[in-house]
Amino acid sequence: MASLKALKLRIGSVKSTQKITKALNMVAASKLRRAQQNATAGRPYSERMRDVVASLASRVTIGPESPKLLAGTGKDDTHLIVVVTSDRGLAGAFNSNIVRAARRKADDLVRQGKTVNFYIVGRKGRPVIQRFYGKAIVGQFDTTEMKKPGYAEAQAIADDIIDRFESGRFDVAHLAYANFRSTLVQEPTVDQVIPVQVGTGSFDQSTNTAAVEYEPEEEEILAALLPRNIAVQIYRALLENQAGFYGSQMTAMDNATRNAGDMINKLTIQYNRSRQAAITTELVEIISGAEAL
């Protein structure tokens, strides 16, 4: 049985931990509302951008003169998976779920005989990817100084990825992130962003009977919109991830706070029982000594 001093120290340690987890829970809850608003506000824009690109792509004939981001390289031998995670932990399985989805996608591609590389955004995804695919990590974007997701950071990531694509380093790019559903549900998602998939948006060409004239031509508009669409999709992933991170952290810290409370109650009962046993032992020794006299 642990000594009274050891139990007292342990109770104090658990109480200190409980204060930290409670504080983190409150901080995450305060930041979640704004992050959720940003993620919700960004969805219509990114979805509409994807629909516009899909609409334009459906109106053009893909050929040698088409933008490379639309037509692709003509093969799909090398794939790049952009894994977007957070820079901090203490958020339950949030980061590990994103990495697990990226690994499943990579394993499927490897079984098909494809070459898979990784581009890491955020610190938490790198250790696991490095353990399983160490030599496959070809780039990383540092987000440690980014207090909140900004379009400038998304544009920088998109420019780097597009440069790698145009230089022939990969044929297809996928974006792995977590769609924020609620504080309890963050859905890991892997979407193809390069080349753009025609017909994947909610735009329905068959129901659109209006005559539309484009100025300039569709190909010119696509050439300008395709890079911006990639940046917008990455920006959405950053916003969704931030909301998902705070939601997961709030839930994880709430569970940790309650678990710490349960442990404190159990340790307090154990401490009181040990203290009562020590007092009883002392009384018995005193009574026995008195009777011996």
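Reader: How much space lies in the largest pocket?

Author: This is a predicted model, where local features need pLDDT of at least 70, side-chain atom pairs count only at pLDDT 80 or more, and totals for chains, interfaces and linings use all residues. Residues are numbered from 1 along each chain as its sequence is written, and side-chain values use heavy atoms, leaving out hydrogens and water. The largest pocket holds about 340 Å³.

Reader: Which helix gives the largest share of the lining of the largest pocket?

Author: The lining has 18 residues, with S86, D87, R88, M146 and Q242 nearest the pocket's centre. By class, seven are nonpolar, six polar and five charged. The largest share, five residues, comes from α6.

Reader: And which element gives the most to the largest nonpolar core?

Author: That core has 35 residues, and I234 is among those with the most contacts inside it. Contact means heavy atoms within 4.5 Å, and I234 has it with A154, I157, A158, I161 and L175, leaving aside neighbours within four places in sequence. Several elements supply at least two core residues each, including β1 (78-84) and α5 (151-166). The top giver, with 10 residues, is α6.

Reader: Is N25 buried or exposed?

Author: N25 is found in helix α1, and it touches M250, M253 and D254, not counting residues up to four places away in sequence. Buried means under 20% relative accessible area, exposed over 50%, and partly exposed in between, with a 1.4 Å probe and protein chains only. Because its relative accessibility is 16%, N25 counts as buried.

How values were computed: A nonpolar core is a set of buried Ala, Val, Leu, Ile, Met, Phe, Trp, Tyr and Cys residues joined through side-chain atoms within 4.5 Å. Helices (H or I, at least four residues) and strands (E, at least two) are DSSP runs, numbered from the N terminus. On a 1 Å grid over the protein atoms alone, a cavity is a set of points where a 1.4 Å probe fits but cannot get out, and a pocket is an open set with protein on both sides within 12 Å along at least five of seven lines; lining residues have an atom within 4 Å of a point. Grid points are joined across faces, edges and corners, and a volume is the space filled by probe spheres set on the points. Ala, Val, Leu, Ile, Met, Phe, Trp, Tyr, Cys and Pro count as nonpolar, Asp, Glu, Lys and Arg as charged, and the others, Gly among them, as polar.
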